[in-house]
Amino acid sequence: MNEVSHRRIKTNGIWVHIAEQGRGPLVLLLHGFPEIWYSWRHQISFLANHGYHVVAPDLRGYGDSDSPLSPSSYTFMHYVVDIIGLLDHLGEQQAFVVGHDVGAAIAWHLSLNPNAKLGESLIRKFGDGFYISQFQEPGRAERAFARYDYLTVIKKFLLITQTDNLIAPPGMEIIDYLGTPSRLPPWITEEELQVYADKFQESGFTGALNYYRALDLNWELTAPWQGSKIRVPVKFMVGENDIGFDINGIRQYIEGNIFRNLIPDLEVVMLDGHHYLQQEKHQQVSEEILLFLAKFPAE
């Protein structure tokens, strides 16, 4: 099996970097914040070795993809059209889509396209200490992040283990509130964390943060919030120790009837893990993805 290869393609007016490996049915892996394609390193080789063409892009604003200056260029519609353009470039009419965090929201919207606003309501509900509230103002988070080296910023986010909402105390920035673990968990190494730090040192954080600044410009809500049905088969995986999973009623929602009514062909898998599940529990996540893909053999 060939190693992971890299290239940049033109889609939706920007250049997008992709990492890819393997041949077969197309599987797109969409990362979240603050991540790059590298977050899927375990799944890329695993799925490619099982007969799939695996493609993991750096989303617009991240890594080696272009970062348009205006926050208005980071709506869900922009991300969706980026991915559709990627499909066109690859000559594919359909694909399996796996998303995490921001990438999960994009995955929902590839099959759903309603309109609504959320940013203002989140700020009203959780206040200025909420991380999304602090990410809204251009330059605010960048100035706060600049008090730390890039590796420390990455550690503060990727190694989060708290299960309550990311809300800083009054007068404190979220990056100052988040702790830096003295020891690394067994699922990631210092060298792997440095890959993220080096890439964000090249690109900065503004492009990644612009996703949050575009929420009220064109926030198209995911299916469970909007009330529209998702008509494609879905496997929903979540860590039981993810941020806000219990205190926000997410567990009850996922286990209840409304979620399943909105997504008729739904399978839910809860794993003993935190937010960055595809890295922390990479073998389990890889195997769960493969089990889902195997339900739909290539014609």
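Is strand β3 (residues 26-30) largely enclosed by the rest of the structure or exposed, and why?

Author: Strand β3 is largely enclosed by the rest of the structure, because five of its five residues are buried. Buried means under 20% relative accessible area, with a 1.4 Å probe and protein chains only. Strands here are DSSP runs of E of at least two residues, helices are runs of H or I of at least four, and both are numbered from the N terminus.

A word on the basis. This is a predicted model, in which local features need pLDDT of at least 70 and side-chain atom pairs count only at pLDDT 80 or more, while totals for chains, interfaces and linings use all residues. Residues are numbered from 1 along each chain as its sequence is written, and side-chain values use heavy atoms, with hydrogens and water left out. The pLDDT is the predictor's confidence in each residue, from 0 to 100. Its mean for the protein is 90, and 92% of residues reach 70 or more. Over residues 220-225 the pLDDT is below 50.

Back to β3. In a regular strand the side chains alternate between the two faces of the sheet. Leu-26, Leu-28 and Leu-30 point one way, Val-27 and Leu-29 the other, and all are buried.

Now the neighbours. Strands pair if DSSP finds at least two bridges between them. Three bridges join β3 to β4 (residues 53-57), and the two run parallel. His-53 in β4 is the bridge partner of Leu-26. Between β3 and β4 the chain passes through helix α1 (residues 41-48), and this β-α-β crossover is right-handed. That is, with the strands pointing away from the viewer, the path from the first strand over the helix to the second runs clockwise. On β5 (residues 96-99), four bridges join β3, again in a parallel run. There, Leu-28 stands opposite Val-97.

The whole sheet is open and has five strands, in the order β1-β2-β4-β3-β5, with mixed pairing. Its edge strands, β1 (5-11) and β5, each pair on one side only. Neighbouring strands are turned by 30° against each other on average, direction ignored. Axes are lines fitted to C-alpha atoms, for helices over the stretch in contact, and angles run from 0 to 180 degrees between N-to-C directions.

Two helices touch β3. Helix α2 lies across β1, β2 (14-21), β3 and β4, at about 110° to β1. Helix α3 (residues 102-109) packs on the sheet and touches β3 and β5, its direction making about 145° with that of β5. Contact means heavy atoms within 4.5 Å.

Finally, the core. A nonpolar core is a set of buried Ala, Val, Leu, Ile, Met, Phe, Trp, Tyr and Cys residues joined through side-chain atoms within 4.5 Å. The largest has 79 residues, and Leu-29 is among those with the most contacts inside it, as are Phe-33 and Phe-135. Helix α2 (residues 76-90) gives the most to this core, with six residues. Leaving aside neighbours within four places in sequence, Phe-135 is in contact with residues including Phe-33, Phe-145 and Phe-157. A second, separate core of 11 residues includes Phe-245 and Phe-259.

Definitions and conventions:
Buried < 20%, exposed > 50% of the residue type's maximum accessible area, 1.4 Å probe, protein only.
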